[in-house]
Amino acid sequence: MTPIQPLFLLLLGLIGAQANLDLRTAAAMAAGLCKARPTDLVFIIDSSRSVRPSEFEQVKVFLAKVIEGLNVGPSATRVGVVNYASRVKNEVSLKTHRTKAGLIKAVTKIEPLSTGTMTGLAIQFAMNVAFSEAEGARAKSSDVGKVAIIVTDGRPQDNVKDIAQRARDAGIEIFAIGVGRVDMNTLRQMASDPLDDHVDYVESYSVIEKLTKKFQEAFCDLVSDLCATGDHDCEQVCISTPGSYKCACREGFTLMDNGRSCSACSNSATDVVFLIDGSKSVRPENFELVKKWINQIIDKLDVSESKAHVGLVQYSSTVKPEFPLGRYNNKKDLKEAVKKMAYLERGTMTGQALRYLVENSFSLGQGARPGVTKVGIVFTDGRSQDYIGEAAKKAKENGFKMYAVGVGNAVEDELKEIASEPTGEHYFYTADFKAMSQIAKKLQINVCDPCECDSLVKFQKKVEAALQALTKKHILYDSMSKRIALLENKIV
């Protein structure tokens with residue numbers, strides 16, 4: 001059995017899949033690994049006339065799901081809800097409900113006010129009334145957090161900058177969620193620093209529910225073993241250390257220079273092409289996050305003349321090749337070229353872009369190398385405006401390993417159609433652009449097919465050597481048996 005063990009471990013390494021972040025967080029919550037700081041949390045929700053009744057119902061579902069993930073109680077998290085339009089209504093006080101069931105029931109009964117949008121007035125009300133001790137807030141203390149989550153879909157009819165600053169100065173941490181045609185500048189004026197962590201945008205109320213996980217995690221501080229909770233970026237083996245961790249690899253694999261990734265071979269080569277959605281729905285600030293995400297993945301590759309080559313294609317209504325495979329053979333130049341990529345805007349023709357990838361990106365004329373593993377990484381934030389099926393099928397028939405990554409309004413069925421089998425290991429989705437770094441950690445480009453063959457050949461040779469040894473022993477045994485028989489005959 002001994003010779004089989006290295007191969008068994010190798011196969012385990014090849015088929016192992018990293019658990020999804022949301023499952024890890026849920027498991028951490030269920031196992032009691034979340035030790036949230038006692039918090040007074042107030043939701044400030046816009047129910048102005050621009051918010052349709054059906055959309056307001058979706059906001060209430062979002063609130064209920066966030067509450068469901070909280071540790072609600074008098075000494076833990078207390079929750080209040082402020083409803084506003086042209087006037088402000090204190091729907092749920094921090095002192096009113098001490099259980100999740102009571103809170104959620106109260107949220108379901110909230111009705112829209114359907115008038116104007118006085119967001120500044122709502123923040124002032126929250127600061128002066130909702131966060132007051134009379135309404136159940138705890139006395140100001142470094143041990144108790146004060147958090148406001150504002151949900152709005154429009155431009156306020158009053159000033160928010162000064163009152164939001166006063167609220168932050170009073171120790172209230174403000175998260176600002178914008179929907180649809182919201183004014184992004186207003187969100188930034190309201191939110192606490194760092195803005196990347198405190199400002200969120202969704203295209204419509206139909207996808208606001210996808211922000212639930214972010215806010216559940218915001219109130220869940222994992223204080224246990226980082227390896228046990230999955231809060232690490234090791235590709236294979238995580239080893240816990242006090243307050244931290246270090247990475248290692250399974251037998252037959254080698255830890256790469258980045259201290260996280262593992263390689264089964266020293267001479268692997270791959271051609272990787274990024275196919276990036278630059279449509280207008282992405283928005284300029286998010287496009288910068290996409291470029292950072294690309295560079296995160298490049299950091300994990302062994303870029304050189306003989307190993308990983310990277311190409312980049314951007315698409316919207318048209319396709320724009322940014323640079324071909326092999327133009328840059330070191331990470332520094334490659335990452336600089338990615339940073340210089342200019343945002344296209346316009347439509348989302350993912351099918352057309354996939355056809356370009358199939359017909360051009362992996363051609364010899366575009367720097368592709370014969371006999372080398374081909375990997376396509378497709379990123380999009382919305383539904384394709386053309387048919388993707390034929391091109392997606394052709395890419396996989398050509399032997400390309402396809403990864404599909406979606407954000408926001410991306411359609412998961414389309415991502416699965418693009419992704420290679422098993423789809424669970426080749427497609428990724430998140431509601432929030434700021435969560436893309438987590439996808440970069442999970443996306444593992446396994447490019448060691450030649451080495452896997454080498455490993456199997458080595459194993460086969462070991463087996464053959466062992467069989468030859470056994471054969472020799474068997475021949476020796478037969479020879480000795482015959483000699484013994486001859487001696488016995490002579491003695492008789």
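## Aromatic pairs

The structure holds 8 aromatic pairs, a pair being two rings of Phe, Tyr or Trp (its six-membered ring) with centres within 6.5 Å; planes under 30 degrees apart count as stacked, over 60 as edge-to-face and the rest as tilted. The ring centres of W293 and F379 are 6.1 Å apart and the planes stand at 50°, so this pair is tilted. It connects distant parts of the chain, since W293 belongs to helix α11 and F379 to strand β14, 86 residues apart. Helices (H or I, at least four residues) and strands (E, at least two) are DSSP runs, numbered from the N terminus.

Both W293 and F379 are buried; buried means under 20% relative accessible area, exposed over 50% and partly exposed in between, with a 1.4 Å probe and protein chains only. One aromatic cluster is formed by F274, W293, F379 and F433. A charge also sits over a ring: R283 lies over the face of Y201, at 4.0 Å from the ring centre. The criterion is that NZ of Lys or CZ of Arg is within 6 Å of the ring centre and within 35 degrees of the ring normal.

## Basis of the model and overall make-up

The model is predicted: local features need pLDDT of at least 70 and side-chain atom pairs count only at pLDDT 80 or more, whereas totals for chains, interfaces and linings use all residues. Residues are numbered from 1 along each chain as its sequence is written, and side-chain values use heavy atoms, with hydrogens and water left out.

The protein chain has 18 helices and 16 strands. Of its 492 residues, 49% count as buried. Among contacts (heavy atoms within 4.5 Å) between residues at least 6 apart in sequence, 74% join residues at least 24 apart.

Strands β11 and β14 run parallel and are joined by 7 bridges. I276 stands opposite F379 in β14. Axes are lines fitted to C-alpha atoms, for helices over the stretch in contact, and angles run from 0 to 180 degrees between N-to-C directions.

## The nonpolar cores

A nonpolar core is a set of buried Ala, Val, Leu, Ile, Met, Phe, Trp, Tyr and Cys residues joined through side-chain atoms within 4.5 Å. The largest has 35 residues, and those with the most contacts inside it are F274, W293, I294 and I377. At least two residues of this core come from each of β11 (270–277), α11 (284–300), β12 (308–315), α12 (331–339), β14 (373–380), β15 (401–407) and α17 (436–442). Helix α11 gives the most, with 7 residues.

Apart from neighbours within four places in sequence, I294 is in contact with F274, I276, L312, V338 and M341. A second, separate core of 34 residues includes F56, A64, V151 and V202.

## The sheet containing β4, β5 and β6

Another open sheet has 6 strands in the order β3-β2-β1-β4-β5-β6, and the pairing is mixed. Its edges are β3 and β6 (199–202), each with a single partner strand, so one side of each is left without a neighbour in the sheet. The twist averages 20° from one strand to the next. Helix α5 (residues 119–130) packs on this sheet, touching β1 (39–46), β2, β3, β4 and β5, and its direction makes about 50° with that of β3.

In strand β5 (residues 172–179), 7 of the 8 residues are buried, so the strand is largely enclosed by the rest of the structure. Strand β4 (residues 145–152) runs parallel to β5 and is joined to it by 7 bridges, with A148 opposite I174 in β5. Strands β5 and β6 pair in the parallel sense over 4 bridges, with V179 opposite V202 in β6.

V202 is buried, with a relative accessible area of 3%. Not counting residues up to four places away in sequence, V202 touches G178, V179, G180, V207, I208 and L211. The C-alpha atoms of V202 and G180 are separated by 6.6 Å, although the two residues are 22 residues apart along the chain.

Helix α4 (residues 100–108) has G102, L103, I104, A106 and V107 as its buried residues. The elements covering them include α3 (53–68), β2 (77–84) and β3 (88–92).

Notes
Two strands pair if DSSP finds at least two bridges between them.
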